[in-house]
Amino acid sequence: MNQPVRILPDLTTESAAFCETLRRVIDPVAMDRLCKMHPDGVGLYHICDAHQIPYAFALKAVDAGEAAGFLKGRMHPDRHEYLVWLPRTMPPLSRVEKLVLRQAQRDLAEAPGVFFVEGAMTDLGVGSLKIREALNFLVFADLLTREGKAYALTSLGRTEGEAA
């Protein structure tokens, strides 16, 4: 008995197109250009416009870039949009995150490795949950390192602007 020949779709063409788009999306020069054009954070729609690709395709490329460690991203804390940046570069920060980073710069300049959450809450006038969320993001964004309860500034953390 003869079996009919099964025709499978050509998945290599779609895979090659995706890999090419991924290379364009995560290209450091392209991302650097987008970061300069959008200093508050590169949104997915900025990537779509710059590369002339559909939103769903940009989302897949960003997911793949994050999984490979080529990009970092998160929902913007003040708006409902997803923002991405290259690792080891300054991510978009919320107001509280900027204040916590400046407070950490002041505290750590006086006593390296010592940052008091309670002191930051009092100085900044925000609750402990907001401070802890900000600290967690600053560690994720490579601006602070954490060891137990102690924090230290990374080289990137030292470059964030001084208090305004």
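This is a predicted model: local features need pLDDT of at least 70, side-chain atom pairs count only at pLDDT 80 or more; totals for chains, interfaces and linings use all residues.
Local features need pLDDT of at least 70 and side-chain atom pairs count only at pLDDT 80 or more, while totals for chains, interfaces and linings use all residues, and side-chain values use heavy atoms, with hydrogens and water left out.

How confident is the predictor? The pLDDT (confidence in each residue, from 0 to 100) averages 80 over the protein, and 87% of the residues score at least 70. Residues 160-164 fall below 50, yet this stretch has twelve contacts in the model beyond near neighbours in sequence.

On to the layout. The protein has eight helices and five strands, in the order α-α-β-α-α-β-β-α-α-α-β-β-α from the N terminus on. Helices here are DSSP runs of H or I with at least four residues, strands are E runs of at least two, and both are numbered from the N terminus. Of the 164 residues, 38% are buried; buried means under 20% relative accessible area, exposed over 50%, and partly exposed in between, using a 1.4 Å probe and protein chains only. The accessible surface comes to about 10200 Å², with 58% of it belonging to carbon and sulfur atoms. Those areas are from the Shrake-Rupley method with a 1.4 Å probe, and for residues only the protein chains shown count as cover.

A nonpolar core is a set of buried Ala, Val, Leu, Ile, Met, Phe, Trp, Tyr and Cys residues joined through side-chain atoms within 4.5 Å. The largest one holds 22 residues, and Val100, Leu101, Ile131, Leu135, Leu138, Leu143 and Leu144 touch the most other members. Two or more residues of this core come from each of α5, α6 (117-124), α7 (128-140) and β5 (150-153). There is also a second, separate core of 16 residues, including Leu22, Val25, Leu34 and Val62.

Val62 also turns up in α4, where Ala58, Ala61, Val62 and Gly65 are buried. They cover an arc of only 100° around the axis, so they sit on the same side of α4; the arc is that of the directions from the helix axis to the C-beta atoms. Ala56 and Ala67 are exposed, on the face turned away from the buried side of α4. What about the length of α4? Its 13 residues should span 18 Å at 1.5 Å a residue, and the end C-alpha atoms are 18 Å apart, which agrees. That expected span is 1.5 Å times one less than the number of residues.

Which residues have a positive phi? Here are three of them, with glycine 69 coming after α4.

| Residue | Phi |
|---|---|
| Glutamine 52 | about 55° |
| Arginine 88 | near 65° |
| Glycine 69 | near 85° |

Glutamine 52 is in the loop between α3 (44-51) and α4 (55-67), and counts as exposed because its relative accessible area is 67%. Arginine 88 belongs to the loop between β3 (82-85) and α5 (95-110); its relative accessible area is 46%, so it is partly exposed.

Finally, α5 contains glutamine 103. Is glutamine 103 buried or exposed? Its relative accessibility is 4%, so it counts as buried. Its C-alpha is 8.4 Å from that of aspartate 123, 20 residues apart along the chain.

Terms used
Residues are numbered from 1 along each chain as its sequence is written. pLDDT is the predictor's confidence in each residue, from 0 to 100. Contact means heavy atoms within 4.5 Å.
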